[in-house]
Amino acid sequence: MTGVQTCALPILQEEQKIISLLYEPLKIAGFDLIEVKVGMLNAQKTIQLYIDSQNGIQIDDCANVNQITKNIFGKNNQYYNDYVLEVSSPGIFRKLKTSDHFKSSTGKRIKINLQKKIVGLITVTSDLQKCDEETICILPDTNGSDMIIPYSLKSRANLEPLLKF
């Protein structure tokens with residue numbers, strides 16, 4: 001969502017705290033917590049949760065995660081009662097942040113922006129061949145040989161499906 005304003009350090013700590021509260025309960029309920037954003041939207045404190053599941057996300061899934069989250073926040077910290085909670089799908093161009101995100105995207109087309117050039121490339125679009133806890137293996141669209149990219153060189157990544165109209 002555009003227009004959410006954030007402040008870097010305290011917000012990142014708050015996002016990590018929310019992830020630690022929600023990650024396992026949502027995983028048990030069948031959902032992957034893809035991203036958490038904390039910020040201000042129209043002068044209202046807002047928490048945005050981006051979720052996914054093996055079957056995709058429907059509106060009922062968002063309502064279910066909203067209720068699970070409110071129950072956890074109510075039990076653990078009344079502080080979050082002042083926030084507006086938004087739950088949605090990350091969309092077809094979802095961000096890939098963790099090794100689990102990459103593992104679940106094996107065989108899919110991704111786009112990776114690198115911190116520095118590898119084989120002359122700063123942005124790579126490719127099918128994800130395989131990955132482990134430290135590296136990503138891809139076959140770039142522009143190059144005929146596999147590239148091994150350490151996670152430490154990734155500045156950001158997302159799914160990059162080919163859209164056919």
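**View 1. Strand E6 pairs with strand E7 in a predicted model.** Strand E6, which covers residues 135–140, runs antiparallel to E7 and is joined to E7 by 4 bridges, where strands are DSSP runs (E, at least two residues) numbered from the N terminus, and two strands pair if DSSP finds at least two bridges between them. Within this pairing, Ile136 has Ile149 of E7 as its bridge partner. Residues are numbered from 1 along each chain as its sequence is written. Because the model is predicted, local features need pLDDT of at least 70 and side-chain atom pairs count only at pLDDT 80 or more, while totals for chains, interfaces and linings use all residues, and side-chain values use heavy atoms, without hydrogens and water.

**View 2. The open sheet that contains E6 and E7.** Its 5 strands follow the order E7-E6-E5-E4-E8, with antiparallel pairing. Strand E7 (147–150) and strand E8 (154–159) are the edge strands, each pairing on one side only.

**View 3. The largest nonpolar core.** At least two residues each come from helix H1 (8–28), strand E1 (32–41), strand E2 (44–52), helix H2 (59–76) and strand E3 (84–88), helices being DSSP runs (H or I) of at least four residues. The most is given by H2, with 5 residues.

Definitions and conventions. A nonpolar core is a set of buried Ala, Val, Leu, Ile, Met, Phe, Trp, Tyr and Cys residues joined through side-chain atoms within 4.5 Å. Buried means under 20% relative accessible area, exposed over 50%, partly exposed in between (1.4 Å probe, protein chains only).
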